[in-house]
Amino acid sequence: MSVLVNKQSKIIVQGFTGTEGTFHASQMIEYGTNVVGGVTPGKGGQKHLDRPVFNTVKDAIAATGANVSIIFVPPAFAADAIMEDAEEGIELIVCITEGIPVQDMVKAKNYLSTTQSRLIGPNCPGVITAGECKVGIMPGFVFKPGKIGIVSKSGTLTYEAADQVVKAGLGISTAIGIGGDPIIGTPTKEAVQLLMNDPATEGIVMIGEIGGNMEAEAARWIKENSKKPVVGFIAGQTAPAGRRMGHAGAIIGGKEDTAAAKMKIMRECGIRVVDSPANIGKTMAEVLMNL
Amino acid sequence: MNLHEYQAKGLLKKFNVPVQEGIAVDTPEGAAEAYKHLKVQFGNAFAVVKAQIHAGGRGKGLIKGTQQHGVAVGKNAEDIKKIAGNILSGILVTKQTGAEGKKVNKVLIAQDVYYDGPNPTKEYYLSVLMDRAKACNVIMYSTEGGMDIEEVAEKTPDKIFKEWVYPSLPLQPFQARKIAFNLGLSGQAFKNMVKFVTNLYSAYTELDCSMLEINPLFKTSDEKILAVDCKMKLDDNSLMRHPDLEALRDITEEDPTEVEAGSYNLNYVKLEGNVGCMVNGAGLAMATMDMIKLSGGEPANFLDVGGTANAQTVEAGFRIIMKDPKVKAILINIFGGIVRCDRVAQGVIDAYKNIGEIKIPIIVRLQGTNATEAKALIEKSGLKVESAILLSEAADLVNKAVRA
């Protein structure tokens, strides 16, 4: 079992022939991901990385039966790429692109709500089901198969958590990088719900950061519905108010979106919250041992 | 990116949003000239001098070492010239600037809109911003204008109204009418408000604002609706499609070290602590700052080197962090996924050698692709650099450095 992506997933790459698209598509193929082709408008009919290039997502689906798309196109065109996927019925859209204008995402998110497609990201590392399928830019070797699911707003912090979980002897089922922008396709709560319903996942690591109320929303859902232990971490305990900390969404605006407020709510909801990012893996192992 | 009041008002006028008119100048003589123009144009003997800085609270704020407020009314050309002289080149301290204040390079000489007329004047509040949870824009407004809106929200939350705008559509006429009705307007002022807020919302979306605040939003004694002040914040991600707006950037308002870091594609925010850090990825950078605090130090900065941790960026990072004399140690924390740790290690070694003697302890934690090779490289280099692979080891080394 798995969440979102597995061996059966058929992936197309949007922005296939660009530098980023080429590099990461090669890495994904090396990991064993079933990349069936790519889309670069105007280069339809060519071959790239031994796979067909199409002008449109519609053509790509017709020829390959693709159901998952990963997006590497530049920020100015990324929202358009998301909407093209949604229009043509791609089930899962993973948008890696960083720096998409917020008003573009308002439109794209609204467009998505009229379709059945799920969006992960933007500004995210992607999704990986360890040992099966990598739809993202994460270093594959870190994600050894196992029983812990990860939900995270951040890229490298996800790798850090995965590395600790693997070294603690637990391994990863599926890791979902939901992205660090103010508007994203799949919020923390929905990603946690997916892992909660996944038989291959026995525990969940939930990593958030300052800004917004997604972690609080997820924590309240966990309190009511949790069947599995959850370990949490919130980055930005030392971040000052009103300053944007790298991610467009990581800015403390009100009282509720500080790290301290989020950690308090998460603890009240039964999540085992760690203060130090160095203790994520160790704590997950302890929690599972004491079940 | 923040804009000055005069820049924001200039943009609003292009969208037919009425504003308190004015002329921005940078000398006292220019101020007197501007006053004369306004007097001819509006026939009013009074005018307002408004300091142009990227911070609020200007009216109550004072120019350092004087009793001059950042916003003041003058009644003739001499008066305006004198006030402008007091403000220009002074340091304005408001409750938003902190004690160090901000240097004033420009003043806006603005028309006096509080003139007498048939009807009472009234101040309102109105802003447009993004509601993250609903993923759409929201117009927030109140009859309690001219004051601190956070205070209104706290004391009288029932006096704040919100109107969410359907994504992909302009503000609908029924919404604009609802806003004008809720503000208690009728007659000509009602019609003017409907037009004002409709055009303001277009300006917000067309200019890719991330925040647009009009406080006070003003009804004149002859029923006009005007933006008396305007705070406009643009979405940095959208500037690529607005080169004309990018040109409005005033870097004198920004921290010079942060501007320098930006030129190397480093994302840097200065903090007040004693342990500097250099990290790849924003989330891991914040987590590293938290870990420094838990290890007994205080983070001196946020610094995300992004995906390119090479010798050049690491050297720039070193130099930027070391400008801060309070820094007692530097922690480099790189999780090498796509970027290989041995290449980062070589970058650290080259940067260290280029700079020469570094007097404070450097702790390098490299994990991920080729982490072992990287550690060996650092140890073989003979430099005074402590090396770690696990995050917990790095935490211990920070603790040791802070206590030394």
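**The interface between chains A and B**

A: Happy to. Chain A and chain B bury about 3,800 Å² between them, 62% of it on carbon and sulfur atoms; buried area here is the accessible area (1.4 Å probe) that two parts lose on being put together, summed over both. Before going on, please note that this is a predicted model, in which local features need pLDDT of at least 70 and side-chain atom pairs count only at pLDDT 80 or more, while totals for chains, interfaces and linings use all residues. Residues are numbered from 1 along each chain as its sequence is written, chains are lettered from A and ligands numbered from 1 in the order in which they are written, and side-chain values use heavy atoms, with hydrogens and water left out.

At this interface, 54 residues of chain A are in contact with 48 residues of chain B, contact meaning heavy atoms within 4.5 Å. There are 13 residue pairs in polar contact between chain A and chain B, both residues being at pLDDT 80 or more. A polar contact is a pair of N or O atoms within 3.5 Å; within protein, one must be able to donate a hydrogen and the other to accept it, and residues adjacent in sequence count only if both atoms are side-chain atoms.

Several elements of chain A each supply at least two residues of the side that touches chain B: helices H1 (19-31), H3 (75-88), H4 (102-112) and H5 (156-167), and strand E13 (230-235). Helices (H or I, at least four residues) and strands (E, at least two) are DSSP runs, numbered from the N terminus. By class, that side of chain A has 25 nonpolar, 18 polar and 11 charged residues. Ala, Val, Leu, Ile, Met, Phe, Trp, Tyr, Cys and Pro count as nonpolar, Asp, Glu, Lys and Arg as charged, and the others, Gly among them, as polar.

Now to the salt bridges. Side chains of opposite charge can pair when their charged atoms come close. The term is used for a side-chain nitrogen of Lys or Arg within 4 Å of a carboxyl oxygen of Asp or Glu.

One of the salt bridges joins A:Glu160 to B:Arg365, with the closest N and O atoms 2.7 Å apart. This pair crosses between chains, from helix H5 of chain A to strand E18 (residues 362-368) of chain B. Both A:Glu160 and B:Arg365 are buried, that is, under 20% relative accessible area, where exposed is over 50% and partly exposed in between (1.4 Å probe, protein chains only). A:Arg243 and B:Glu258 also meet in a salt bridge, at 2.7 Å from N to O.

For a view within one chain, take A:Arg272 and A:Glu286, whose side chains meet in a salt bridge at 3.4 Å, N to O. The two are 14 residues apart, A:Arg272 in strand E14 (residues 272-273) and A:Glu286 in helix H9 (residues 280-289) of chain A. A:Arg272 is partly exposed, with a relative accessible area of 38%, and A:Glu286 is partly exposed at 33%.

In chain B, B:Lys231 forms a salt bridge with B:Glu213, the closest N and O atoms being 4.0 Å apart. B:Lys231 lies in strand E13 (residues 231-234) and B:Glu213 in strand E11 (residues 209-219), 18 residues apart. B:Lys231 counts as partly exposed at 29% relative accessibility, whereas B:Glu213 is buried at 16%.
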